[in-house]
Amino acid sequence: MDITLNNETDHYYVAIDLGSNSFHMLIVRENRGLIEVVDRVKDMVQIARGLKNGVLSEEAQNRALECLQCFNERIQEIPAEHIKAVGTKALRAASNGPEFLYQAEKALGVPIQLVSGYEEARLVYVGVSNNISQDHQKRLVIDIGGASTEFIVGQDYSPRLLESLSIGCVTFTEKYLTNAKGELDITPKTLNNVYIAASEELEGIRSIYRNEGWDITYGASGTMKSVTEIMPIMTPAGIISREGVNELYRQLGENKEIKIDNVTKQRRFVMPAGIAILKAILDQLDIEELHVSDAALKEGLIHETIGRLKHHDIRDETVTKHIAKYHVDRSQAERVKHIALSLFQQLQPACVDGINCTSVLGWSALLHEIGLTISHSGYHHHGRYILENSDLAGFNRYEQYLLATLVGMHRRKINQNRIEALNPAHRDAILSMAICLRLATVLNRKRDDLEFPPSITWTDKTITLTFETQWLENNPLTQRSLTQEAEYLSRIGIALNYY
């Protein structure tokens, strides 16, 4: 890996991927512009095997917590802001995921962020694209995981198509290749069941991806790496051929096993499903060969973390694209952002662990009018819906939820049920952000620069705004709007005074 940085001092960075099959930890050092791998740790926790009827079993949770406690020992001396930990498909799907994540964060010692399938795919592409030469070829990147498989078409550092399908070597092993005793049941019929199920999932993207086209294909996963180890001799090293996968699939059907050296027992257990899935992918997307990449999601996390610390944040680009897409008045958005952040910084409220509240408030201010393209009536509700249901590159699921929540709460009545639904530990911080955004929109109602922002204090349940002398008298519309805002806030037990 190679990346240009201005800081000449060595830095350590950590990426932790809580995958559905394996937990990975990658530790690197930035040394005068070069990224050097210091340590890699992998544990095949296979939490997807413990996901029964949408509930993560106690056994799977214990395996995961034990692994995370070991990770914690290794990262204690590294600054928390240099550590990025994410959870993927199995944790997204678990109904008891939030309760487990609370315990997992205690064990690991740093926040863990859930990422959407779209974001998972994007991070995989970031990792692969930063690990191969930029030859301007259009590339397809495929990552077979324990519970999902990601497909990305992109060029150089820019992804064009991103998709995450519910195809996983662990989940498909459990569903199609495991008998009542928990043993592998490999027959031509059961293998074909895996192949058909994967092919059916691929139906939804096959035409779109084949019409888009690509020049070269890369595989990025433990499954891909393991398959290269058992490819028939006619296949070059580091490449998976369609012919070779067909031969492995045939051998599995006939012999019910393939001799695999230097592969862990856990990996051998899910390899048959991985081979059947891979065959379906190669057939449905008409791929003759793919090159195996050493990089994947965890490398993408490293580059994202370094980029953010060096003030290159993909989330800024995402917000800018949505401003353009929905024709947001950028000047007004910047005015609201300026006042909202001015008020928020004066309050200095408690923040949400693992979240840069100032940044999230700023982005929500920039996007607060995103729903106007649909209708002025209730546009804050339209904005909330858009942000809840859009693919927002760089945002984890909780950040996206906060963004949508703030936009949805920025005007009119405040829904008491929505406030009560907020995480109690984060409620005060989120409410502070929401009120600062609400006040900023009121104070910028004239859509003109506010020369003298008010000062603000918040004591117990009372907010006080103090303006320049005669300002309120000279701005009667704003004064009337503040009166209405005071009425809205009183309904949730907060008094608003202004002088």
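**View 1. In this view, G371 sits in the loop that runs between helix 13 (357–366) and helix 14 (379–389).** The model is predicted: local features need pLDDT of at least 70, side-chain atom pairs count only at pLDDT 80 or more, and totals for chains, interfaces and linings use all residues. Residues are numbered from 1 along each chain as its sequence is written, and side-chain values use heavy atoms, with hydrogens and water left out. Helices (H or I, at least four residues) and strands (E, at least two) are DSSP runs, numbered from the N terminus. G371 counts as buried because its relative accessibility is 0%; the term buried means under 20% relative accessible area, exposed means over 50%, and partly exposed lies in between (1.4 Å probe, protein chains only). Leaving aside neighbours within four places in sequence, G371 is in contact with Y379, H382, G383 and I386, where contact means heavy atoms within 4.5 Å. G371 and H381 are separated by 10 residues in sequence and by 7.3 Å in space, C-alpha to C-alpha.

**View 2. S129 belongs to helix 4 (residues 117–129).** With a relative accessible area of 1%, S129 is buried. When neighbours within four places in sequence are set aside, the contacts of S129 are Q134, R139, D156 and Y157.

**View 3. Six strands, in the order 10-9-8-11-13-12, make up an open sheet with mixed pairing.** Strand 10 (158–165) and strand 12 (239–241) are the edge strands, each with a single partner strand, so one side of each is left without a neighbour in the sheet. From one strand to the next, the twist averages 25°. Two strands pair if DSSP finds at least two bridges between them. Strand 9 (residues 149–155) and strand 10 pair in the antiparallel sense over 7 bridges, and the bridge partner of I152 in strand 10 is L162. Strand 12 and strand 13 (residues 289–292) run antiparallel and are joined by 3 bridges; S241 has E289 as its bridge partner in strand 13. In a regular strand, side chains alternate between the two faces of the sheet.

**View 4. An open sheet of 3 strands has the order 14-15-16, and its pairing is mixed.** Strand 14 (455–459) and strand 16 (495–498) stand at the edges, each with a single partner strand, so one side of each has no neighbour in the sheet. The twist in this sheet averages 15° from one strand to the next. Strand 15 (residues 462–466) runs parallel to strand 16, to which 4 bridges join it; A495 in strand 16 is the bridge partner of T462. Helix 12 (residues 330–347) lies across strand 14 and strand 15, at about 45° to strand 14. Helix 17 (residues 427–443) packs on the sheet, where it touches strand 14, strand 15 and strand 16, and its direction makes about 145° with that of strand 14. For these angles, axes are lines fitted to C-alpha atoms, for helices over the stretch in contact, and angles run from 0 to 180 degrees between N-to-C directions.

**View 5. The largest pocket has a volume of about 860 Å³.** On a 1 Å grid over the protein atoms alone, a pocket is an open set of points with protein on both sides within 12 Å along at least five of seven lines; a cavity is a set of points where a 1.4 Å probe fits but cannot get out; lining residues have an atom within 4 Å of a point. Grid points are joined across faces, edges and corners, and a volume is the space filled by probe spheres set on the points. The lining of the largest pocket comprises 26 residues, of which L101, E105, Y398, N423 and H426 lie nearest its centre. Two or more lining residues come from each of helix 2 (89–93), helix 3 (97–108), strand 7 (113–114) and helix 15 (397–408). Helix 3 gives the largest share, 6 residues. The lining divides into 15 nonpolar, 6 polar and 5 charged residues; Ala, Val, Leu, Ile, Met, Phe, Trp, Tyr, Cys and Pro count as nonpolar, Asp, Glu, Lys and Arg as charged, and the others, Gly among them, as polar.

**View 6. The largest cavity holds about 60 Å³ of space.** The count is 1 cavity of 30 Å³ or more. Of the 13 residues that line the largest cavity, K84, E119, L123, R308 and G394 lie nearest its centre. Strand 6 (83–87), helix 4 and helix 10 (297–309) are the elements that give two or more residues to this lining. Helix 10 gives the most, with 3 residues. The lining of the largest cavity consists of 5 nonpolar, 3 polar and 5 charged residues.
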